[in-house]
Amino acid sequence: MTVTHPLREIADSVVRDFTSFVTQVSYADVPETARAAAKRCLLDAVGCGIAGAQTDVVRALRTVAATATSTRPATLFGTSIQTTPEMAAFVNGSAIRCLDFNDDYFGTDESNAHGDTGPHPSDNIGGVLAAAQIAGATGAETILGLVIAYEVCGQLVDEVVIRGNGWDHPTFHSIATAAAASRLLGLSSEQVANALRLAVVPNICLYQSRVGSISNWKGLAGPNGSRNGLFAALLAEAGITGPEMAFEGSRGFMRQLDHQFSLGPFGGPDHQFRIENTYFKHLPLRYEMQLPVQMAIEVRETIDPLEIASMKVYMESKSVVTRDSEPAIWKPTNRETADHSGPYLIAASLLDGNITHETFEPTRFQAEDVLGVTDTIELIEDPDYTASFPWKMACRFEIQLKDGKEVVLEGVNPKGHPLTPMSEEEFTVKFLGQTQSLLGQQQADELLRAIGCLEAESSVDRIFALTVPRMS
């Protein structure tokens, strides 16, 4: 049972409000729609994680994690390897994230930060599952942990301008995972408050992770934030305290951001839980490019991309870069840069009609035909699109062909956006597409059903066991 602590003694209002939510929300407070959303998020993330676990990057991380042992072990996806809970949070979170196919969140039309940043809330799932494992949490308790992590992360997205102030969003994951892990571990109010403080003060991150020629760290930064959040909760559990005024202090988070904020209403009887407005991907690439790529696949049916003389792509301001400021975007040299390059992704979609694993191989993103089309593309801000972002994600193509013909195409909200949701069948197809070849149809279906009935599970152990391919 959670031990309460007089919340009025917490001077920092952000710490106080988060602590109040974490300690007082219950599974009974979460409506069926939010529970279903949590299971959908977990299904999507586990599918991404099983596929991502096969990559060289995650294999390298497993090698590091396998050197660590713990008396409170947690498991790595797709294996029987057990390691420290923090390393499991990092490796499993990285497996979920590394193919850039996991979910996102930018806020709603009520968000004060207007989509300043869009962290992947499922970056927290590695930490939430590790906390659930070491706590022996039930499936229902794990669902509550997911709802808490998504709610805290979403609050920060809604209220905090971080990207625009030069910082990166993994700090949000440190705070969100600390909140969820604290609840799963049964911490007192005082311990929860300290976990939140220890999550934010040591873990301010630089946006340099996402500019220029992008490194492996782009896909690992968020999961590392989750790892740090779990570590903060474990420190607080052991009695370690953090700086009292972590957010509102004279040298706290708000001062470093040069941005004052207060939290909005939390999910509950009078307000929808933020997990219900998760943004899902139907293509394995940066979320802001989902719509332009979807449109490029559509327009290629009517034009020959090799006949394009120039192509102006109008988007919201945060997606617009120039050749002068980001030359690597027009000529990517690695996977991480390619999957964040709007011009390249549009060009590849125009030529190939889809985004696949091969899209991110050097033989494709360095090919002359795709680089030629990429070079015709210019990204331009449309102020109306900036004003409506993120609840209305809009894009417009103005294409000039070599024969003088002009083609104009406009689109709004990609498939997977909360206002244009994917169907349950599409989630199933996405999940099986990433897992069936590795697990076999029978085991992949069994895992699908287990996640769908997570509230009936006595622990998360069976979920992990089902990610391991059985010997034929």
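Residues are numbered from 1 along each chain as its sequence is written, and side-chain values use heavy atoms, with hydrogens and water left out. Because the model is predicted, local features need pLDDT of at least 70 and side-chain atom pairs count only at pLDDT 80 or more, while totals for chains, interfaces and linings use all residues.

Let us begin with the cavities. A cavity is a set of points, on a 1 Å grid over the protein atoms alone, where a 1.4 Å probe fits but cannot get out, and its lining residues have an atom within 4 Å of a point. Grid points are joined across faces, edges and corners, and a volume is the space filled by probe spheres set on the points. Searching the whole structure in this way gives two cavities of 30 Å³ or more.

The largest cavity holds about 60 Å³ of space. Its lining includes Tyr287, Glu288, Met315, Phe389 and Pro414. Helices (H or I, at least four residues) and strands (E, at least two) are DSSP runs numbered from the N terminus. Helix 11 (290–299) and strand 7 (394–401) each give at least two residues to this lining, and helix 11 has the largest share, with three residues. For classes, Ala, Val, Leu, Ile, Met, Phe, Trp, Tyr, Cys and Pro count as nonpolar, Asp, Glu, Lys and Arg as charged, and the others, Gly among them, as polar. The lining of the largest cavity then has nine nonpolar, one polar and two charged residues.

The second largest cavity contains about 30 Å³ of space. Around this second cavity stand Tyr105, Pro121, Tyr150, Cys153, Gly154, Arg274 and Thr278.

Now to the helices. Helix 4 (residues 85–97) packs with helix 5 (residues 125–135) at an angle of about 140 degrees, and their axes are 7 Å apart. Axes are lines fitted to C-alpha atoms, for helices over the stretch in contact, and angles run from 0 to 180 degrees between N-to-C directions. Helix 4 and helix 5 are therefore oblique to each other (angles under 35 degrees count as roughly parallel, over 145 as roughly antiparallel, 65 to 115 as roughly perpendicular and the rest as oblique). In contact (heavy atoms within 4.5 Å), residues of helix 4 including Ala88 and Ile96 meet residues of helix 5 including Ala130 and Ile134. This contact has seven nonpolar, four polar and no charged residues.

Helix 8 (residues 189–200) and helix 9 (residues 217–237) also pack at about 140 degrees, with axes 8 Å apart.

How values were computed
On a 1 Å grid over the protein atoms alone, a cavity is a set of points where a 1.4 Å probe fits but cannot get out, and a pocket is an open set with protein on both sides within 12 Å along at least five of seven lines; lining residues have an atom within 4 Å of a point.
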